[in-house]
Amino acid sequence: FSLMKEPTVDYSDASKFYKPLLVGKTFTVDMNMDGAACGCNLNFYLVDMPVSSAGKDGDHYCDAQCFPDMGCCAEFDMNEGNANVQQITNHACTDDYSGHPDWACNKWGDPEDKSHPFQFSQGKAHDIDSSKPYVFAQKFEVVNANLVITTTMTQGPKEVVMTMGPSDQLNAMWKDGSLERGMAFVTGYWYASDMNWLDGEECGSGAEHCDNNPTYISNWRITTNGLPVPTTAPMPSPAVPTPTPPLPTPAPTPSPYSPPVPMPTPPVPMPAPMPSPYSPPEPTPTPPVPTPAPAPSPYSPPVPMPTPPVPMPAPMPSPYSPPEPTPTPPVPTPAPAPSPYSPPVSTHAPTPSPYLPPVPTPMPTPAPTPSPYSPPVPTPTPPVPKPAPSPSPYPEPSPDPSPAPTPKPTPAPTPKPSGGSKCYIGSCYGNYMASAWCDKSEYNCKGCGNGKSVWC
(Lines give C-alpha, C1' and ligand atoms only; values in the text may rest on other atoms or scores of the structure.)
Protein backbone atom coordinates (compact mmCIF):
# COMPACT_ATOMS: atom_id res chain seq x y z
CA PHE A 1 0.00 0.00 0.00
CA SER A 2 1.36 3.40 -0.96
CA LEU A 3 0.68 6.49 1.10
CA MET A 4 -0.94 9.12 -1.12
CA LYS A 5 -1.63 12.80 -0.61
CA GLU A 6 -5.14 12.41 -1.92
CA PRO A 7 -7.42 9.62 -3.14
CA THR A 8 -6.40 8.70 -6.68
CA VAL A 9 -5.89 5.82 -9.10
CA ASP A 10 -3.38 7.75 -11.21
CA TYR A 11 -0.14 6.25 -9.90
CA SER A 12 1.95 7.68 -12.73
CA ASP A 13 1.87 11.18 -11.19
CA ALA A 14 4.71 11.45 -8.65
CA SER A 15 3.20 14.61 -7.13
CA LYS A 16 0.31 12.58 -5.71
CA PHE A 17 2.56 10.32 -3.59
CA TYR A 18 3.43 11.26 -0.02
CA LYS A 19 7.24 11.40 0.07
CA PRO A 20 8.55 12.37 3.53
CA LEU A 21 11.90 14.16 3.80
CA LEU A 22 13.47 12.21 6.67
CA VAL A 23 17.07 13.48 6.77
CA GLY A 24 17.34 15.61 9.92
CA LYS A 25 14.14 14.02 11.30
CA THR A 26 13.12 11.15 13.58
CA PHE A 27 10.37 8.74 12.54
CA THR A 28 8.51 7.08 15.46
CA VAL A 29 5.69 4.52 15.66
CA ASP A 30 4.08 2.29 18.32
CA MET A 31 4.19 -1.40 17.38
CA ASN A 32 2.60 -4.66 18.55
CA MET A 33 4.01 -7.68 16.70
CA ASP A 34 2.52 -10.37 18.95
CA GLY A 35 0.43 -11.86 16.13
CA ALA A 36 3.24 -12.19 13.55
CA ALA A 37 4.76 -15.68 13.83
CA CYS A 38 7.68 -17.27 11.98
CA GLY A 39 7.22 -16.98 8.22
CA CYS A 40 5.38 -13.62 8.44
CA ASN A 41 6.83 -10.34 7.13
CA LEU A 42 5.30 -7.07 8.29
CA ASN A 43 7.12 -4.09 6.77
CA PHE A 44 7.19 -0.40 5.95
CA TYR A 45 9.81 1.03 3.58
CA LEU A 46 10.71 3.72 1.03
CA VAL A 47 11.02 3.28 -2.75
CA ASP A 48 11.89 5.71 -5.54
CA MET A 49 8.55 5.36 -7.40
CA PRO A 50 6.67 5.86 -9.61
CA VAL A 51 8.48 4.52 -12.65
CA SER A 52 7.42 5.06 -16.23
CA SER A 53 6.21 1.50 -16.74
CA ALA A 54 2.83 0.67 -15.21
CA GLY A 55 3.92 -2.91 -14.49
CA LYS A 56 1.72 -5.97 -14.02
CA ASP A 57 -0.47 -4.29 -11.38
CA GLY A 58 -0.78 -0.97 -13.23
CA ASP A 59 0.48 1.02 -10.22
CA HIS A 60 3.96 2.01 -11.54
CA TYR A 61 5.55 0.22 -8.56
CA CYS A 62 9.29 -0.47 -8.31
CA ASP A 63 11.81 -1.82 -5.80
CA ALA A 64 15.42 -3.11 -5.63
CA GLN A 65 14.52 -6.71 -6.57
CA CYS A 66 13.95 -5.50 -10.15
CA PHE A 67 11.37 -8.14 -11.06
CA PRO A 68 10.81 -8.44 -14.84
CA ASP A 69 7.13 -7.44 -14.60
CA MET A 70 7.81 -4.52 -12.21
CA GLY A 71 10.01 -1.45 -12.12
CA CYS A 72 13.57 -1.30 -10.74
CA CYS A 73 14.56 1.43 -8.28
CA ALA A 74 16.30 2.15 -4.96
CA GLU A 75 14.67 0.77 -1.81
CA PHE A 76 15.26 1.50 1.88
CA ASP A 77 13.59 -1.00 4.26
CA MET A 78 12.94 1.03 7.41
CA ASN A 79 11.58 -2.09 9.13
CA GLU A 80 10.65 -5.63 8.18
CA GLY A 81 10.16 -8.60 10.48
CA ASN A 82 7.83 -10.44 12.82
CA ALA A 83 7.63 -11.28 16.54
CA ASN A 84 11.07 -12.96 16.34
CA VAL A 85 13.22 -10.42 14.50
CA GLN A 86 13.46 -6.79 13.34
CA GLN A 87 15.61 -5.88 10.32
CA ILE A 88 16.60 -2.60 8.63
CA THR A 89 18.15 -2.92 5.13
CA ASN A 90 19.59 -0.43 2.61
CA HIS A 91 19.14 -1.37 -1.10
CA ALA A 92 20.96 1.27 -3.16
CA CYS A 93 21.23 1.07 -6.96
CA THR A 94 24.84 1.80 -8.10
CA ASP A 95 25.29 -0.88 -10.85
CA ASP A 96 28.77 -1.86 -9.50
CA TYR A 97 28.19 -5.03 -7.50
CA SER A 98 31.17 -7.35 -8.03
CA GLY A 99 30.16 -10.93 -8.38
CA HIS A 100 26.69 -9.86 -9.52
CA PRO A 101 27.19 -8.00 -12.81
CA ASP A 102 23.47 -8.40 -13.60
CA TRP A 103 22.37 -6.46 -10.50
CA ALA A 104 21.33 -2.88 -11.08
CA CYS A 105 20.51 -2.61 -7.34
CA ASN A 106 21.82 -4.45 -4.31
CA LYS A 107 19.17 -7.14 -3.90
CA TRP A 108 20.62 -8.52 -0.67
CA GLY A 109 21.15 -5.16 0.92
CA ASP A 110 24.10 -3.22 2.29
CA PRO A 111 24.38 -2.21 5.06
CA GLU A 112 21.92 -4.23 7.14
CA ASP A 113 20.93 -4.12 10.82
CA LYS A 114 19.19 -7.13 12.37
CA SER A 115 18.19 -7.89 15.96
CA HIS A 116 19.31 -11.08 17.71
CA PRO A 117 17.05 -13.32 19.82
CA PHE A 118 18.41 -12.02 23.14
CA GLN A 119 17.54 -8.48 22.03
CA PHE A 120 14.09 -9.03 20.54
CA SER A 121 11.66 -11.95 20.69
CA GLN A 122 8.68 -13.22 22.64
CA GLY A 123 8.98 -13.56 26.42
CA LYS A 124 10.43 -11.76 29.42
CA ALA A 125 13.89 -13.26 28.88
CA HIS A 126 14.50 -10.88 25.94
CA ASP A 127 15.40 -7.19 26.13
CA ILE A 128 12.28 -6.36 24.14
CA ASP A 129 9.36 -8.73 24.76
CA SER A 130 7.60 -8.73 21.39
CA SER A 131 4.42 -10.16 22.93
CA LYS A 132 3.84 -6.67 24.34
CA PRO A 133 3.75 -3.23 22.67
CA TYR A 134 6.97 -1.29 22.19
CA VAL A 135 8.14 1.96 20.55
CA PHE A 136 10.15 1.90 17.32
CA ALA A 137 12.12 5.09 16.47
CA GLN A 138 14.48 5.81 13.56
CA LYS A 139 16.71 8.87 13.49
CA PHE A 140 18.17 10.17 10.20
CA GLU A 141 21.13 12.50 10.66
CA VAL A 142 24.26 13.65 8.81
CA VAL A 143 27.48 13.15 10.76
CA ASN A 144 30.74 14.42 9.18
CA ALA A 145 29.18 14.48 5.69
CA ASN A 146 27.90 10.91 6.08
CA LEU A 147 24.36 9.69 6.57
CA VAL A 148 23.89 7.79 9.84
CA ILE A 149 20.61 6.07 10.73
CA THR A 150 20.04 5.06 14.36
CA THR A 151 17.19 2.67 15.23
CA THR A 152 15.99 2.43 18.84
CA MET A 153 13.37 0.01 20.24
CA THR A 154 12.08 0.95 23.69
CA GLN A 155 9.88 -0.95 26.15
CA GLY A 156 9.63 0.60 29.58
CA PRO A 157 13.16 1.05 30.98
CA LYS A 158 14.67 -1.34 28.40
CA GLU A 159 15.93 -0.37 24.94
CA VAL A 160 17.82 -1.85 22.02
CA VAL A 161 19.89 0.48 19.78
CA MET A 162 21.16 -0.40 16.29
CA THR A 163 23.27 2.05 14.21
CA MET A 164 23.71 2.01 10.41
CA GLY A 165 26.53 3.98 8.70
CA PRO A 166 28.62 5.62 7.66
CA SER A 167 28.64 3.65 4.40
CA ASP A 168 29.12 4.42 0.70
CA GLN A 169 25.96 2.50 -0.17
CA LEU A 170 24.03 4.42 2.50
CA ASN A 171 25.38 7.72 1.19
CA ALA A 172 24.30 6.65 -2.32
CA MET A 173 20.77 6.14 -0.94
CA TRP A 174 20.92 9.60 0.61
CA LYS A 175 22.08 11.40 -2.52
CA ASP A 176 20.92 9.28 -5.45
CA GLY A 177 18.20 7.13 -3.98
CA SER A 178 17.05 9.54 -3.06
CA LEU A 179 16.28 10.22 0.60
CA GLU A 180 17.33 13.78 -0.03
CA ARG A 181 14.51 14.56 -2.47
CA GLY A 182 11.97 12.20 -0.90
CA MET A 183 10.81 8.66 -1.59
CA ALA A 184 7.34 7.08 -1.63
CA PHE A 185 6.21 5.47 1.65
CA VAL A 186 4.93 1.88 1.26
CA THR A 187 3.74 -0.73 3.77
CA GLY A 188 2.86 -4.41 3.40
CA TYR A 189 2.25 -7.74 5.14
CA TRP A 190 3.19 -10.95 3.36
CA TYR A 191 4.44 -14.46 4.17
CA ALA A 192 6.46 -17.36 2.75
CA SER A 193 7.50 -20.82 3.91
CA ASP A 194 11.21 -19.96 3.27
CA MET A 195 11.34 -16.76 5.36
CA ASN A 196 14.41 -18.25 7.11
CA TRP A 197 16.68 -15.57 5.56
CA LEU A 198 14.82 -13.13 7.84
CA ASP A 199 14.02 -15.04 11.07
CA GLY A 200 16.11 -18.24 10.81
CA GLU A 201 18.25 -17.38 13.86
CA GLU A 202 15.17 -17.71 16.09
CA CYS A 203 12.82 -19.85 13.96
CA GLY A 204 15.30 -22.36 12.49
CA SER A 205 15.82 -23.56 8.93
CA GLY A 206 12.69 -25.64 8.39
CA ALA A 207 9.61 -24.70 6.40
CA GLU A 208 7.66 -21.98 8.16
CA HIS A 209 3.96 -21.25 8.44
CA CYS A 210 2.63 -17.74 9.05
CA ASP A 211 -0.60 -17.76 11.06
CA ASN A 212 -1.73 -14.46 9.46
CA ASN A 213 -2.80 -13.01 12.80
CA PRO A 214 -3.19 -9.21 12.92
CA THR A 215 -0.40 -6.92 14.05
CA TYR A 216 -0.57 -3.23 14.82
CA ILE A 217 1.49 -0.19 13.82
CA SER A 218 0.02 3.01 15.20
CA ASN A 219 0.71 6.56 16.33
CA TRP A 220 2.92 7.56 13.40
CA ARG A 221 4.86 10.78 13.95
CA ILE A 222 7.82 12.59 12.35
CA THR A 223 9.69 15.15 14.46
CA THR A 224 12.69 17.37 13.88
CA ASN A 225 15.87 16.05 15.53
CA GLY A 226 16.59 17.71 18.86
CA LEU A 227 12.91 18.30 19.59
CA PRO A 228 10.92 16.11 21.98
CA VAL A 229 9.06 13.20 20.37
CA PRO A 230 5.38 12.90 21.29
CA THR A 231 4.81 9.79 23.39
CA THR A 232 1.09 9.48 22.69
CA ALA A 233 -0.95 9.78 19.55
CA PRO A 234 -2.16 13.32 19.00
CA MET A 235 -5.87 13.00 19.42
CA PRO A 236 -7.95 15.57 17.56
CA SER A 237 -9.35 18.06 20.00
CA PRO A 238 -12.96 19.03 19.60
CA ALA A 239 -13.23 22.41 18.01
CA VAL A 240 -14.19 25.10 20.49
CA PRO A 241 -16.20 27.74 18.65
CA THR A 242 -15.39 31.36 19.36
CA PRO A 243 -18.36 32.94 21.08
CA THR A 244 -20.14 35.24 18.67
CA PRO A 245 -23.37 37.12 19.02
CA PRO A 246 -26.27 35.06 17.74
CA LEU A 247 -27.27 35.83 14.20
CA PRO A 248 -30.73 35.33 12.76
CA THR A 249 -30.91 32.09 10.85
CA PRO A 250 -31.67 32.76 7.19
CA ALA A 251 -34.75 31.16 5.83
CA PRO A 252 -34.04 27.94 3.91
CA THR A 253 -34.29 27.94 0.15
CA PRO A 254 -37.84 26.96 -0.79
CA SER A 255 -38.07 23.40 -2.07
CA PRO A 256 -40.05 22.81 -5.27
CA TYR A 257 -41.73 19.96 -3.39
CA SER A 258 -42.91 21.85 -0.33
CA PRO A 259 -44.91 25.04 0.24
CA PRO A 260 -42.85 28.25 0.46
CA VAL A 261 -41.61 29.29 3.88
CA PRO A 262 -42.35 32.95 4.73
CA MET A 263 -39.32 35.15 5.36
CA PRO A 264 -38.87 36.23 8.99
CA THR A 265 -39.88 39.79 9.68
CA PRO A 266 -39.59 41.99 12.76
CA PRO A 267 -42.45 41.39 15.15
CA VAL A 268 -45.28 43.90 14.68
CA PRO A 269 -48.70 44.12 16.31
CA MET A 270 -50.93 41.68 14.58
CA PRO A 271 -54.18 43.19 13.22
CA ALA A 272 -57.42 41.68 14.27
CA PRO A 273 -58.23 38.72 12.02
CA MET A 274 -60.85 39.19 9.37
CA PRO A 275 -64.18 37.60 10.24
CA SER A 276 -64.72 34.29 8.51
CA PRO A 277 -68.02 33.74 6.69
CA TYR A 278 -68.08 30.30 8.30
CA SER A 279 -67.68 31.31 11.92
CA PRO A 280 -69.24 33.92 14.22
CA PRO A 281 -67.39 37.25 14.33
CA GLU A 282 -64.73 37.71 16.98
CA PRO A 283 -65.71 40.35 19.60
CA THR A 284 -63.69 43.57 19.48
CA PRO A 285 -61.46 43.79 22.55
CA THR A 286 -62.69 46.48 24.96
CA PRO A 287 -61.49 47.60 28.35
CA PRO A 288 -62.83 45.33 31.07
CA VAL A 289 -66.10 46.53 32.57
CA PRO A 290 -68.20 45.05 35.32
CA THR A 291 -70.11 42.12 33.99
CA PRO A 292 -73.88 42.71 34.28
CA ALA A 293 -76.00 40.10 35.86
CA PRO A 294 -77.17 37.60 33.25
CA ALA A 295 -80.75 37.85 32.05
CA PRO A 296 -82.99 35.28 33.66
CA SER A 297 -83.48 32.18 31.58
CA PRO A 298 -87.03 30.94 30.99
CA TYR A 299 -85.72 27.45 31.74
CA SER A 300 -84.09 28.08 35.09
CA PRO A 301 -85.15 29.82 38.34
CA PRO A 302 -84.09 33.46 38.67
CA VAL A 303 -80.75 34.11 40.28
CA PRO A 304 -81.06 36.61 43.16
CA MET A 305 -78.75 39.61 43.08
CA PRO A 306 -76.17 39.60 45.82
CA THR A 307 -77.22 41.83 48.74
CA PRO A 308 -75.57 42.55 52.02
CA PRO A 309 -76.44 39.92 54.60
CA VAL A 310 -79.49 40.68 56.70
CA PRO A 311 -81.15 38.64 59.44
CA MET A 312 -83.31 36.01 57.86
CA PRO A 313 -86.98 36.11 58.99
CA ALA A 314 -88.53 33.04 60.39
CA PRO A 315 -89.80 30.80 57.63
CA MET A 316 -93.48 30.81 56.83
CA PRO A 317 -95.29 27.71 57.94
CA SER A 318 -95.80 25.21 55.18
CA PRO A 319 -99.32 23.90 54.54
CA TYR A 320 -97.75 20.44 54.23
CA SER A 321 -95.92 20.27 57.51
CA PRO A 322 -96.95 20.85 61.16
CA PRO A 323 -96.35 24.38 62.41
CA GLU A 324 -93.07 25.07 64.07
CA PRO A 325 -93.53 25.84 67.79
CA THR A 326 -92.62 29.33 68.86
CA PRO A 327 -89.49 29.17 70.98
CA THR A 328 -90.35 29.78 74.61
CA PRO A 329 -88.42 29.43 77.80
CA PRO A 330 -88.27 25.83 78.93
CA VAL A 331 -91.10 24.81 81.18
CA PRO A 332 -91.92 21.52 82.74
CA THR A 333 -93.50 19.25 80.21
CA PRO A 334 -97.04 18.29 81.32
CA ALA A 335 -97.97 14.69 81.37
CA PRO A 336 -99.38 13.56 78.05
CA ALA A 337 -103.10 13.17 77.69
CA PRO A 338 -104.26 9.70 78.31
CA SER A 339 -104.74 7.60 75.24
CA PRO A 340 -108.04 5.80 74.71
CA TYR A 341 -106.00 2.78 73.68
CA SER A 342 -103.85 2.36 76.76
CA PRO A 343 -104.69 2.02 80.46
CA PRO A 344 -104.72 5.28 82.39
CA VAL A 345 -101.52 6.39 84.04
CA SER A 346 -101.82 7.66 87.56
CA THR A 347 -99.38 9.13 90.00
CA HIS A 348 -100.83 6.71 92.51
CA ALA A 349 -100.21 3.06 92.68
CA PRO A 350 -101.85 1.52 89.64
CA THR A 351 -104.73 -0.77 89.85
CA PRO A 352 -103.69 -4.18 88.70
CA SER A 353 -104.79 -4.75 85.16
CA PRO A 354 -106.16 -8.08 84.18
CA TYR A 355 -104.11 -7.79 81.00
CA LEU A 356 -100.82 -6.13 82.03
CA PRO A 357 -98.55 -6.39 85.03
CA PRO A 358 -98.67 -3.38 87.35
CA VAL A 359 -96.40 -0.41 86.58
CA PRO A 360 -94.49 0.91 89.57
CA THR A 361 -94.53 4.66 90.24
CA PRO A 362 -91.28 6.64 90.49
CA MET A 363 -91.30 6.85 94.26
CA PRO A 364 -90.13 4.62 97.07
CA THR A 365 -91.44 1.32 95.93
CA PRO A 366 -93.38 -0.68 98.45
CA ALA A 367 -93.21 -4.34 98.28
CA PRO A 368 -94.99 -5.28 95.07
CA THR A 369 -98.22 -7.12 95.25
CA PRO A 370 -97.57 -10.68 94.39
CA SER A 371 -98.54 -11.43 90.85
CA PRO A 372 -100.32 -14.58 90.03
CA TYR A 373 -98.06 -14.95 87.02
CA SER A 374 -94.57 -14.62 88.55
CA PRO A 375 -92.78 -16.00 91.60
CA PRO A 376 -92.55 -13.73 94.64
CA VAL A 377 -89.54 -11.46 94.97
CA PRO A 378 -87.84 -12.00 98.32
CA THR A 379 -87.22 -8.97 100.47
CA PRO A 380 -83.49 -8.30 100.80
CA THR A 381 -82.29 -9.39 104.22
CA PRO A 382 -78.89 -9.40 105.83
CA PRO A 383 -76.84 -12.46 104.87
CA VAL A 384 -77.26 -15.36 107.19
CA PRO A 385 -75.45 -18.64 107.23
CA LYS A 386 -76.77 -20.91 104.57
CA PRO A 387 -78.42 -23.97 106.06
CA ALA A 388 -77.27 -27.33 104.94
CA PRO A 389 -79.19 -28.55 101.92
CA SER A 390 -81.96 -30.95 102.48
CA PRO A 391 -81.24 -34.46 101.42
CA SER A 392 -82.59 -35.26 97.97
CA PRO A 393 -85.17 -37.92 97.69
CA TYR A 394 -83.19 -39.23 94.76
CA PRO A 395 -79.76 -40.29 95.94
CA GLU A 396 -76.85 -39.71 93.58
CA PRO A 397 -75.14 -42.76 92.17
CA SER A 398 -72.20 -44.14 94.01
CA PRO A 399 -68.79 -42.89 92.81
CA ASP A 400 -67.55 -46.43 92.75
CA PRO A 401 -66.52 -47.52 89.29
CA SER A 402 -69.12 -49.32 87.31
CA PRO A 403 -68.44 -52.86 86.39
CA ALA A 404 -66.88 -53.40 82.96
CA PRO A 405 -69.48 -53.85 80.27
CA THR A 406 -70.06 -57.32 79.20
CA PRO A 407 -68.46 -57.79 75.76
CA LYS A 408 -70.99 -58.33 73.05
CA PRO A 409 -70.50 -61.65 71.43
CA THR A 410 -69.53 -61.41 67.85
CA PRO A 411 -71.63 -63.65 65.71
CA ALA A 412 -69.67 -66.19 63.81
CA PRO A 413 -69.36 -65.21 60.21
CA THR A 414 -71.34 -67.07 57.73
CA PRO A 415 -69.01 -69.40 55.95
CA LYS A 416 -67.94 -68.23 52.54
CA PRO A 417 -69.50 -70.35 49.85
CA SER A 418 -67.00 -72.31 47.88
CA GLY A 419 -66.36 -72.21 44.18
CA GLY A 420 -65.29 -68.52 43.97
CA SER A 421 -68.88 -67.26 44.28
CA LYS A 422 -69.33 -63.51 44.55
CA CYS A 423 -71.24 -61.40 47.04
CA TYR A 424 -74.32 -59.25 46.67
CA ILE A 425 -73.40 -55.55 46.34
CA GLY A 426 -76.13 -52.92 45.87
CA SER A 427 -77.99 -53.60 42.65
CA CYS A 428 -75.18 -55.77 41.37
CA TYR A 429 -75.66 -59.47 41.53
CA GLY A 430 -72.97 -62.06 41.42
CA ASN A 431 -73.12 -65.78 41.30
CA TYR A 432 -74.04 -65.96 44.96
CA MET A 433 -77.30 -64.28 45.86
CA ALA A 434 -76.97 -64.16 49.63
CA SER A 435 -75.05 -61.30 51.26
CA ALA A 436 -75.21 -62.21 54.91
CA TRP A 437 -71.67 -63.54 54.90
CA CYS A 438 -70.25 -60.46 53.20
CA ASP A 439 -68.69 -58.45 56.02
CA LYS A 440 -66.21 -55.60 55.56
CA SER A 441 -63.99 -56.98 58.22
CA GLU A 442 -64.13 -60.59 57.15
CA TYR A 443 -63.98 -61.11 53.42
CA ASN A 444 -63.00 -59.35 50.27
CA CYS A 445 -65.40 -59.94 47.44
CA LYS A 446 -64.30 -58.62 44.02
CA GLY A 447 -66.28 -58.42 40.82
CA CYS A 448 -70.00 -57.84 40.38
CA GLY A 449 -69.91 -57.25 36.61
CA ASN A 450 -70.87 -54.21 34.53
CA GLY A 451 -67.30 -52.98 34.72
CA LYS A 452 -67.50 -52.50 38.52
CA SER A 453 -64.93 -53.67 41.01
CA VAL A 454 -66.13 -53.52 44.60
CA TRP A 455 -64.51 -54.84 47.74
CA CYS A 456 -66.40 -55.19 50.99
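## A pocket and a buried glutamine

The lining of the largest pocket divides into 13 nonpolar, eight polar and eight charged residues. Here Ala, Val, Leu, Ile, Met, Phe, Trp, Tyr, Cys and Pro count as nonpolar, Asp, Glu, Lys and Arg as charged, and the others, Gly among them, as polar. This is a predicted model, in which local features need pLDDT of at least 70 and side-chain atom pairs count only at pLDDT 80 or more, while totals for chains, interfaces and linings use all residues. Residues are numbered from 1 along each chain as its sequence is written, and side-chain values use heavy atoms, with hydrogens and water left out.

Let's stay with the pocket. On a 1 Å grid over the protein atoms alone, a pocket is an open set of points where a 1.4 Å probe fits, with protein on both sides within 12 Å along at least five of seven lines; lining residues have an atom within 4 Å of a point. Tyr45, Tyr61, Asp63, Glu75 and Trp190 lie nearest the centre of the largest pocket. Strand S13 gives the largest share of its lining, four residues; strands are DSSP runs of E, at least two residues, and helices runs of H or I, at least four, numbered from the N terminus.

Now turn to Gln169, which sits in helix H1 (residues 168–177). Is Gln169 buried or exposed? Gln169 counts as buried because its relative accessibility is 12%, and buried means under 20% relative accessible area (1.4 Å probe, protein chains only). Its side chain makes a polar contact with the side chain of Tyr97 at 3.0 Å.

How values were computed:
Buried means under 20% relative accessible area, exposed over 50%, partly exposed in between (1.4 Å probe, protein chains only). A polar contact is a pair of N or O atoms within 3.5 Å; within protein, one must be able to donate a hydrogen and the other to accept it, and residues adjacent in sequence count only if both atoms are side-chain atoms.
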